[in-house]
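Please look over the structure shown below. A short report on how its parts meet comes after it.

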Amino acid sequence: MMDAISAGLGLFFTLQNFLAIGAGVMIGVTIGSIPGLTATMAVALALPFTFSLPPVTGILLLVGIYKGGIFGGSISAILIRAPGTPAAACTTLDGYPMARRGEAGKALEMALYASCIADVISNLALIFLAGMIASIALQFGAPEYFWLIAFSLTIVISISGSSLTKGLISGLVGVLLSTVGLDLVYGTQRLTFDNFNLMGGIGYIPLLIGLFAIPEVIEFYLQRTGHLEANKSDRTRVSWPEFRRSLPTIVRGSLIGVALGSVPGIGATAASFLSYGEARRASKHPETFGRGEIQGVAAAESGNNGVAGATLIPLLALGIPGDVVTAVILGAFMLQGLTPGPLMFQDNIDLIYALFAGMIVASVVLFVVGRFAIRHFARIADIPRHILIPMVLLFCVFGSYAVQNQMFDVVVMLAFGVLGFVMARVGMASAPLLIGFILGPLFEDNLRRSYLIANDAAVFIRSPICWFFIAATVLSLYVGLRKEMQSARLARQLAEKGQLAEKGSTV
Amino acid sequence: MTTITRRVATAALAGIGLGLGFATGAYAADYPAKRVTIIVPYSAGGATDVLARQVAQGLSEAWGQTVTVENRPGAGATLGTAQAARARPDGYTLFMGQVSSHGIAPAVYANLQYDAKADFVPIVWITQIPNVMVVPKDFEAASVQEFIDVAKGENLSFGSSGTGSSIHLSGEMFKSRTGLDMTHVPYRGSGEAVPALISGDIDVMFDNLPSAMAQIKAGTIRPLAVTSAEREPSLPDVPTLAELGIPELEGFEAVAWFGLLAPAGTDPAIVEAINAATNEVISGEAFQTYAAANGSAVVGGTPEEFATFIDGELTKWADVVEKAGVRVE
Amino acid sequence: MTDTVHTPPDTPALPAAVARRSMRDVAFGLLTAAAAALFAAFVIPAFISVPGNVKAAPLSPAFLPYVLTGLIGLLGLVCAAQAMFGRGVPKEDGEGFDPARHWPLSALLLAAVFAAFWWLPERVGMLPVAVGTMAAMLLAGGERNVLRLVLVAVAVPVLIWLFFTKVAMVPLPEGPLEALVAS
């Protein structure tokens, strides 16, 4: 054991490895911060370069890009409301309002702190609990997934904004949009309107960029106040009380990220929204969320970075990739002649320890690179808005094209931009639509798969995990709805009081 | 030096081309005179993409010209394939074809936007990967014959990476040949399906060898047979389906394969040039190492051989699809 | 609690909501319900083909779409009822919208810009479209310094274009310029 550890450290402590991590994180932060160019893409493009590197160095390069990319997404999410990676969509909810009132620096800093802490927690979970977590993850079949997704969908309640009814409609429309494309089971066309481009479904990065970033662009030109506002130059920093207050949120978010990351297939976007919803539910001031609440940024960023390390758990412990990024990393392992999984823990344990050491170092590197990046990126907030806004549109157009090299995606992006603007006008939150869109296919696939496997509805209550998530779903619905109704009643009462007072003064 | 003059020449030609409304002509003699693009109808990072990048790198070195990979994913590879079919046939846009685009999809989808034969000229067959019939480690059959005995009269399920994939249709082929009643359970990618196989939610899968290899080595799933014509060097003890002496499985062959094609109308001399260069690249050490690590067999050969092979594939899969009744109108 | 300290002074902790009947929301709810009904009645049967051999209802490709449209319609009615009886909390974000004086003109410009990105890149190339739209938007945004306008409208798109084509290797549509840049 000790031998293996020291062998692993020996394998790790080379200049090359440190350079690989540094370069990886820097590439990741840069690519991640550009909407449309995702961490996944960056990892895939870097894969060929790893062929010629030693295994540890190559894998650490990819891991560095992955982690940097997940954080990098938050930069554009906060500064221009265009999530650089899908996982940063949730960060826009509070990060962008903060930036608009001149606290971009503070929001970015909190995003970095939350990311790094979550990253460390996620790494620790990977190092110490991989075996245990992996054996639980393997118990997830279609019915278990179905209930886990059902539970995750209940967060729509907490991210619906001012109107719960409209938020729910938004979420359902999201699920409906996700059914467009070729049917999973029969391969038939659904709602493609015989348009060839829709056969692969609606691209979720164009949808996301359009829905979040474009309404800002439209609003700038159509709204009176838009022209007058200039962003304040930004010197704000996270204060110690703010950090201390956010710490429980960060830890909670990290754990949610670890939990969702270790089950293959759910992903960082859902984790950040779940973390956000829980933070809002736990807060004494849920009404501040969505208006520039620093804990909202902390929750979102800890949720998505918590996933980053945890997705490596099923990969390393079982050899099962949890998402596209880990699938690419699996490819890198295979091309080096290595097979992740239980055997690797027997045959190449020194290599595993070297990777662990590298991942801890990557968290530190992320912190250093992140601080540097923030200092420079925060200046974007100083660009006059009449110049910044057209730039945002250009990035959105180029970025959504880059996802699949299709002009059709640009059209999709613009269409969802208009939809997002209309939704804002009728007071309908757009975050539930995104959540519905992301979780919808998982929900439906696992519903149908459960039927295919068992041909019997009893399959949905087949295991303790099912029961656990059924209980969690019911509880979350009950608590969530009750809380929303209470706060709605409170708001109404206050409003009535205000009305009375107004009347009194005019008489 | 020569590249600079070529660039100037190209630019000048382009200027003339602009005015006259046609593009720079491609002449086999100085091919390639500019960047060559290989269209991959899948996302970056997938098996086809990685292979294409490997080939692109080799060709770049051989030609001293950039060869880039362009990912055009969507609609189960058919979107990118249709775009490649419509590309200018000047030899500067190539296509990484595979069993989906030029084997299965034409049989499965009625409203395809390309004609696998008429819209393309085959250049070279690059690799092939066998599928492997795998069961969970506790499954009560040690051989294919035992599997058939167990499955008779029962409704077992077989998993796949998606409807219309080679994994799905290998299963359908097995099903229709043996007359077993098996339910198809589609996942989105092998990465999702393999865990379901490990935990026994699905009973069998005809997975591509590379995605099953990790679990076979770890012993969590058991290979019963491979679907290629010959045994797989990395699994020497595993029989092929065809060699088992089970009459229904006589001549059973289903592999995933990859090869370069060009849009129809490309100058035959250019096709020959690319064929020669690619054969050179894939017989090189770098590519051989890559293929071995990846579990794929390097094929190579002439454009004619590849064309014959594709014809056979189209016929075979059309037959399987018809028997299985999985055609999508 | 000291927790409220971080709330910015210009946004009150609670929305200054007014409990009243909102005819706009009544209309919205009813329209949503009507759209859902139409979708279920015409669009789903026409554009989702259900194979004949579906074993159980949830396996049908049309199952979830029907459930979803049903729920959307129902929630639309709920929304209308809430607004009718003043039960909903009217939200603040939608109504804080204060259109600019020449907003129809601006809307027209945006429509033109979007349409340009829709139709033109594959014909004239992404870069020229980007330069043109950038200039138009800068002008609409109030840029009056001609030198700065030209400089920004050319430099920004070119830099972004260079990054995407040369660093990220994205094959952007180049239109007639393709022959010049592909080398």
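This is a predicted model: local features need pLDDT of at least 70, side-chain atom pairs count only at pLDDT 80 or more; totals for chains, interfaces and linings use all residues.

Residues are numbered from 1 along each chain as its sequence is written, chains are lettered from A and ligands numbered from 1 in the order in which they are written, and side-chain values use heavy atoms, with hydrogens and water left out.

**Interfaces of chain A**

The size of an interface is often given as the accessible area lost when the parts come together. Here buried area is the accessible area (1.4 Å probe) that two parts lose on being put together, summed over both. Contact means heavy atoms within 4.5 Å. A salt bridge is a side-chain nitrogen of Lys or Arg within 4 Å of a carboxyl oxygen of Asp or Glu. The table sets out two interfaces.

| Interface | Buried area | Share from carbon and sulfur atoms | Salt bridges |
|---|---|---|---|
| Chain A and chain C | about 7600 Å² | 74% | one salt bridge |
| Chain B and chain A | about 3600 Å² | 60% | three salt bridges |

Between chain A and chain C, 76 residues of chain A are in contact with 87 residues of chain C. Tyr221(A), Leu222(A) and Phe398(A) supply 10% of the area that chain A buries against chain C, more than any other three residues. The salt bridge here joins Lys166(A) to Asp25(C), with the closest N and O atoms 2.9 Å apart. On the side of chain A that touches chain C, the elements giving two or more residues include α8 (164-178), α9 (204-222) and α17 (385-404) of chain A. Helices are DSSP runs of H or I with at least four residues, strands are runs of E with at least two, and both are numbered from the N terminus. The largest share of this side, twelve residues, comes from α17(A). By class, the side has 45 nonpolar, 15 polar and 16 charged residues. In this scheme Ala, Val, Leu, Ile, Met, Phe, Trp, Tyr, Cys and Pro count as nonpolar, Asp, Glu, Lys and Arg as charged, and the others, Gly among them, as polar.

Between chain B and chain A, 41 residues of chain B are in contact with 40 residues of chain A. In chain B, Leu79(B), Arg188(B) and Asp201(B) lose the most area to chain A, together 15% of what that side buries. Asp201(B) also meets Arg462(A) in a salt bridge (2.9 Å, N to O). The elements that each supply at least two residues of the side of chain B that touches chain A include β2 (67-71), α3 (78-86) and α8 (209-218) of chain B. Of these, α8(B) gives the largest share, six residues. That side of chain B divides into 19 nonpolar, 15 polar and seven charged residues.

**Within chain A**

Over all chains, a search of the whole structure finds 28 salt bridges. In one of them, the closest N and O atoms of Glu109(A) and Arg371(A) are 3.2 Å apart. Glu109(A) lies in helix α6 (residues 104-137) of chain A and Arg371(A) in helix α16 (residues 349-377) of chain A, so the pair ties together parts that are 262 residues apart in sequence.

How do two helices of chain A pack? Helix α4 (residues 55-80) and helix α14 (residues 324-335) of chain A pack at an angle of about 170°, with their axes 10 Å apart. That makes α4(A) roughly antiparallel to α14(A), a label for angles over 145 degrees. Axes are lines fitted to C-alpha atoms, for helices over the stretch in contact, and angles run from 0 to 180 degrees between N-to-C directions.

**Backbone details**

The peptide bond from Tyr31(B) to Pro32(B) is cis, with omega near -5°. Pro32(B) lies in the loop between α1 (2-20) and β1 (36-40) of chain B. In chain A, Arg81(A) has phi near 60°, a positive value in a residue other than glycine. Arg81(A) lies in the loop between α4 and α5 (89-100) of chain A.

Note on methods:
Angles under 35 degrees count as roughly parallel, over 145 as roughly antiparallel, 65 to 115 as roughly perpendicular and the rest as oblique.
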